[in-house]
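Please read it alongside the sequence and the coordinates.

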Amino acid sequence: MADLTTTFIGITSPNPFWLASAPPTDKEYNVRRAFQAGWGGVVWKTLGAEGPPVVNVNGPRYGVVHGADRRVLGLNNIELITDRPLEVNLREIKSVKRDWPDRALVISLMVPCDEESWRDILARIEDTGADGVELNFGCPHGMAERGMGSAVGQVPEYIEMVTRWVKTHSRMPCIVKLTPNIADIRKPAEAAKRGGADAVSLINTVNSITAVNLDSFAPEPMIDGKGTHGGYCGPAVKPIALNMVAEIARSAETRGLPISGIGGITTWRDAAEFMALGAGNVQVCTAAMTYGFKVVQEMISGLSDYLDGKGFAATSELVGRAVPNVTDWQFLNLNYVTKAQIDPDLCIGCGRCHAACEDTSHQAIAMGPGRVFTVKDEDCVACNLCLDVCPVEECITMRELPEGAVDPRTGRVVAGYANWTRHPNNPMAREAAE
Amino acid sequence: MTNSQLTPGIVPGRLSPESYAGNFADIAPPLDPHEVQVAADRCYFCHDAPCVAACPTAIDIPLFIRQIATGTPEAAARTIFSQNILGGICARVCPTETLCEGACVREAAEGRPVAIGRLQRHATDRLMARNAHPFPRAEPSGKRVAVVGAGPAGLSAAHRLAMKGHEVTLYDARPKAGGLNEYGIAAYKVAGGFAQAEVDWLMGIGGIAAKPGTMLGRDITLDGLQAGHDAVFLGLGLGGVNALRVEGEDMAHVLPATGFIRELRQAADLAALPIGRDVVVIGGGMTAIDAAVQAKLLGAETVSLVYRRSRAAMGASVVEQDLAASKGVRIICNAAPLQIIGNGAVAEVEFAYTGEVAPEAGGRPGLQLLPQTFRLRADQVFKAIGQTLDEMPKGLALAGGKIAVTGPGRTSLAGVWAGGDCAAGGDDLTVTAVAEGRDAAEDIHLFLTGSAAHG
Ligand SMILES: Cc1cc2nc3c(=O)[nH]c(=O)nc-3n(C[C@H](O)[C@H](O)[C@H](O)COP(=O)(O)OP(=O)(O)OC[C@H]3O[C@@H](n4cnc5c(N)ncnc54)[C@H](O)[C@@H]3O)c2cc1C
Ligand SMILES: Cc1cc2nc3c(=O)[nH]c(=O)nc-3n(C[C@H](O)[C@H](O)[C@H](O)COP(=O)(O)O)c2cc1C
Ligand code: SF4
C-alpha cells in the first residue's frame, strides 16, 4: 500500500487531502469530525481582524447548478469570512491542534490592506500551534467590496506587498490563495513568489450567477427580491482550475513554486489529476459540503490503489508528472492523424454521433439501413465530437494512422513530427525561413 | 352470509371490501416529480429516434421528453396530442415493451428503456388536469361526416375531422362512448373513470355531435348515412367472438371473456360481482390475460389460463404474462380444450396436450392433439380465442374477415373509410386504431377539400 504521507512546504500530513478554508473548517466541532473521518489537514475558515466580526446574510447564501438526478455540479455562495469572534476561533484552533498534532492545520487570513493589520493578526495567531498561514486573496464577493479578498488578489503589486509583510512579521510558512477572476493567473502567482510566498493555492471561487428566478426576475440565491454575484465552485470549475494550476506549474517564472490544488475535487481521480499537473497537495470544499466528511475515505483508498498500480511509492512521484506534456498549441504535432471508428458491437444506435457530425461538424458519419453508423474516413477531421457525445463508453475510439499511411481526407502521406512553427501556411515560419 | 375464496360456485364478495379497492387501483400510478426528472433525463434525444418509428402514431418522443425535462409538460402534451389525441389512454394501455420502449436504445444498451409511457402519462395528465383543450377548430367547412363507432378509431377520426372544421356526427351502438376503452381495457389500467373523462375532454374541440345508442344495421343504414353526409368513417371494432367448437360449449357459465370484462368494467360495485371459485380462461392474447387477472383480483381461488401453443407464440407480451403470473394466474401452454363437462353448467374442462407439426402453408406450425389429456375444475370458462367482425353492410369488400382497405383506410365503397380493429391490416391495439382513425380523417379532409381521389 502506497504511503500517502505528504510533506508540503515543510508541513507533513498523513495524506494530501486537506479541507479548504470554508464552512467545513469554520469551527472546532467540524474540524475534529473531519480529522476523525481521515482528512490529512485543514485550512481553517478565513479569520478577519480583531473587532466586531463580519455579519452574513440571514437568507439563503448558496445557489446551485444541478445535473441529472439533482447531482450537484456547481455551488455558488455569498458567504463572507468567519462570522465568529477571533478569540473563539483562536482558542479552538489551539485546542484542536493540540489533540491532532499529526494533521496539518493552516490558518486562512484576510485583514485590511495595511501593514499594521497584518502584523497584528499574525501576532495573535503566533501561539496557536498552527502549521502555517494562507492569505485569502480570492474571495470574490462582499469582502472584495471592502478592498480585501479578490480586490487584493487582482492587483499583483498588492499581493507582493502583503506577502512580503507576512513573511517579515511571521516565521510561519505562507501560502497565497489566488482568485481565478483574473485574465492571466501567472501574474498573481509571480507576484506571490516575489513577495516570498512558500506556495500558492488555487483556485478560490469563480464570480458567478447560478440562476435567475423567472418569476421574481432576480438572481438566485435571492435575498428579499435581490441577488448578487457569488463564488462558484464544485465539479463545474475543475477544468478551469486544472488549467490555472498547469499554467503556473509550467511557466518559467513560477516553475517549482509549490502549489496546493483546489477547485472541484470530488474523487481521488480529480485529486490525482491536480497532482499530476503539479499540485503538491489538494484542498476540497464542495465535495465535503455535498457528501459529508466521509468522502475522504474513497479519496484515500483510490489514490493509494492508483499509486500502487503505477508502482509509485509516494505522492511525490506523481506530482508534476504531466507538466512536461502540457505545451503550447504551436508545438502540437500536425502530422498526427487519427480517424474516429465506431464499434458496431457496442453501438446502441442512438445516432447522436451522426446528428452531431452531420449538423455541426464534417458530415463524416453515414447512417445506413438498420441504423448502422459508419465513419467516412475521407471526411473525418478527427475532431472527437462524436466520441464526446456518444453515450456508450469506448464505442467510438480514435485510431491513429501509422506513418506512411495515406490520409483519405487529404490524400497526403502521414509523415513524422512537424508543428505550426514550421508549417508553410504560417507567415511567421516563412519569414524565419527567408 | 360472507363468502371467501373457498366458497364453492359462482358468488360475489369473496374478498374484504378494501381488497377490491386495492386490487383494482391504478397499476402504474403517476411518477412523482423527482421520478419524472430522473426518467426524462435518461433520454438520449436520439437522431431519427427508433422509438418514434416504433410508435404507430409516430409521436415525437425525444422532443416531448425534452420538453418535460425542461419543465414544460404542457408543451410536451401538445407534442403528444398533435399526433395522438388519445395519448392519455395510450400512455396507460400501450404494450410499450413491444412498441416505443422496446425500440429504445437504452433497452439495447442496458435492458432498461426510458419510461416513455409513464412520461407520456405525466405530460398528458398535466394538460388534461386543466381541462383545457389544446387545439382550436378551423373555420367551418360546411361538410358533414358520419363516424360510426366511438372507440379509439372513431374518436380519433372524429376529433381530427372536427379540428379541420368539418361537422361530425358520432354514432355508437352502446350507451357510452369510448369503445373498448370503456368496455374492454383492464380496469386497473384506466382507474378513476379515465376513459369517460378522456372522451369528455376530447369532445371539447367542439363540432362533434354524439349519437349514442344508435346502431348501424338496426337504427341507421350505410346508404342512409352516405345520403346525409359527405363522407363516412367506420370504426366498428370487432363485435363477435370465435367459438371453441367443442362439445359442451353451450353449457351455462361458458362465456366470452369480452362479455365478462365488459360487465366488470361497468359494475358499480365490484364486491357485488359474482366470480367462480375455479376459473378457466382459454386463449393467449391480451383479452385472455385481462380476463384471467381480473378473475383472480375478484377473488377466484384458482385461475388457469390455457393456451394451445407455446409461451413464445402467445399474443400477450412477456410483461403481460409476468403480470398474470405475479397475480397468481397459472399459465398452461401447449394444451387445447377437448370437451366441456358438466350437468347443464360447466364443472370441468378436459384438455389434450398439443404438439407442433409441419407448418401450414406459409403460416404458423400446425397443431396435433397428443394422447395425453388432463382436466381442470371450472365454475366458469371464459373464451378468449379471438374476436370477429359483426355482419357488415352489403357492398363492403372484406379481406381476411375484416373490412378491406387501401392506403389510409379507403374501403371498396367510394366515400366510405374504415379504421381500427374492424379494418384489415395493423395490430389490434388502441394506438393503431388511433393512428388509422387519424390518417383516414386526413384523407377524408383532402377528399372533402377536393384534393384526393377516393370519391
Ligand atoms: C379485453 C381487451 C383488452 C385489451 N387491452 C388492450 C391493451 O391493454 N392495450 C391495447 O393497446 N389494446 C388493447 N386491446 C385492443 C384495443 O382495445 C382495440 O384494439 C381498440 O379498442 C380498437 O379500437 P376500435 O375503435 O377499432 O374498436 P372498439 O374499441 O371496439 O370500438 C368500436 C366501437 O364501435 C361500436 N360499434 C360496433 N358496431 C357498431 C354498429 N353496428 N353501430 C354503431 N356502433 C357500433 C362499439 O359499440 C364500439 O364503441 C384490448 C382489447 C380487448 C378486447
Ligand atoms: C460557502 C463557501 C465559503 C467559502 N469561504 C471561503 C473562505 O472563507 N476563505 C477561502 O479562502 N475560501 C473560501 N471558499 C472557497 C473554498 O475554499 C474553495 O477555494 C472553493 O470552494 C473551490 O473548491 P471546491 O470546488 O472544492 O469547493 C468558500 C467556499 C464556499 C463554498
Ligand atoms: S471525429 Fe469529428 S469529423 Fe470525425 S466522424 Fe467524429 S464528429 Fe465527424
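In which loop is the place of Asp69(A)? Asp69(A) belongs to the loop between β5 (62-66) and β6 of chain A. The model is a predicted one, and the values that follow are computed from it.

**Backbone geometry**

- Most residues other than glycine have a negative phi, and most peptide bonds are trans.
- Asp69(A) is not a glycine, yet its phi is positive, at about 60 degrees.
- The peptide bond that joins Leu202(A) and Ile203(A) is cis, with an omega of about 15 degrees.
- Ile203(A) is placed in the loop between β10 (199-202) and β11 (206-208) of chain A.
- A cis peptide bond also runs from Glu220(A) to Pro221(A), where omega is near -5 degrees.
- Pro221(A) is found in the loop between β13 (218-220) and β14 of chain A.

**Ligand 1, with its closest residues in chain B**

- The shell around ligand 1 comprises 33 residues, and the closest are Val93(B), Asp172(B), Lys189(B), Leu216(B) and Asp421(B).
- A nitrogen atom of ligand 1 lies 2.8 Å from a backbone N or O atom of Val93(B).
- Ala153(B) places a polar backbone atom 2.9 Å from an oxygen atom of ligand 1.
- The side chain of Asp172(B) has an N or O atom 2.5 Å from an oxygen atom of ligand 1.
- On its own, ligand 1 has 990 Å² of accessible area, of which the protein covers 94%.
- Two or more residues of the shell around ligand 1 come from each of α10 (152-163), α15 (286-297) and α17 (430-448) of chain B.
- Among the elements, α15(B) gives the most to the shell around ligand 1, namely 3 residues.
- By class, the shell around ligand 1 consists of 16 nonpolar, 11 polar and 6 charged residues.

- Ligand 2 is surrounded by 23 residues, with Ser21(A), Thr46(A), Lys177(A), Gly264(A) and Thr286(A) the closest.
- The side chain of Lys177(A) brings an N or O atom to 2.8 Å from an oxygen atom of ligand 2.
- Gly234(A) has a backbone N or O atom 2.9 Å from an oxygen atom of ligand 2, and a polar backbone atom of Cys285(A) is likewise 2.9 Å from an oxygen atom of ligand 2.
- Of the 610 Å² of accessible area that ligand 2 has on its own, the protein covers 98%.
- The shell around ligand 2 draws at least two residues from each of β4 (41-47) and α9 (286-291) of chain A.
- This shell around ligand 2 is made up of 10 nonpolar, 10 polar and 3 charged residues.
- The site of ligand 2 is the largest cavity, which holds about 430 Å³ of space.
- The lining of the largest cavity has 35 residues, and those nearest its centre are Ser21(A), Ala22(A), Asn204(A), Thr205(A) and Cys285(A).
- Elements of chain A that each give two or more residues to this lining are β4, β6 (72-77), β8 (132-136), β14 (230-233), β16 (279-284) and α9.
- By class, 18 residues of the lining of the largest cavity are nonpolar, 13 are polar and 4 are charged.

**Ligand 3**

- Around ligand 3 there are 13 residues, and those that come nearest are Cys357(A), Cys380(A), Cys383(A), Asn384(A) and Cys386(A).
- The shell around ligand 3 contains 11 nonpolar and 2 polar residues, with no charged residues.

**Further cavities and the second largest pocket**

- In total, the structure holds 7 cavities of 30 Å³ or more.
- The volume of the second largest pocket is about 720 Å³.
- The second largest pocket has 25 lining residues, and Asn333(A), Leu334(A), Asn335(A), Tyr336(A) and Val337(A) are those nearest its centre.
- The lining of the second largest pocket divides into 14 nonpolar, 6 polar and 5 charged residues.

Methods:
Residues are numbered from 1 along each chain as its sequence is written. Chains are lettered from A and ligands numbered from 1 in the order in which they are written. This is a predicted model: local features need pLDDT of at least 70, side-chain atom pairs count only at pLDDT 80 or more; totals for chains, interfaces and linings use all residues. Side-chain values use heavy atoms; hydrogens and water are left out. On a 1 Å grid over the protein atoms alone, a cavity is a set of points where a 1.4 Å probe fits but cannot get out, and a pocket is an open set with protein on both sides within 12 Å along at least five of seven lines; lining residues have an atom within 4 Å of a point. Grid points are joined across faces, edges and corners, and a volume is the space filled by probe spheres set on the points. Ala, Val, Leu, Ile, Met, Phe, Trp, Tyr, Cys and Pro count as nonpolar, Asp, Glu, Lys and Arg as charged, and the others, Gly among them, as polar. A residue is near a molecule or strand if one of its heavy atoms lies within 4 Å of it. A polar contact is a pair of N or O atoms within 3.5 Å; within protein, one must be able to donate a hydrogen and the other to accept it, and residues adjacent in sequence count only if both atoms are side-chain atoms. Accessible areas come from the Shrake-Rupley method with a 1.4 Å probe; for residues, only the protein chains shown count as cover. A molecule sits in a cavity or pocket if more than half of its atoms lie within 2 Å of its grid points. Helices (H or I, at least four residues) and strands (E, at least two) are DSSP runs, numbered from the N terminus.
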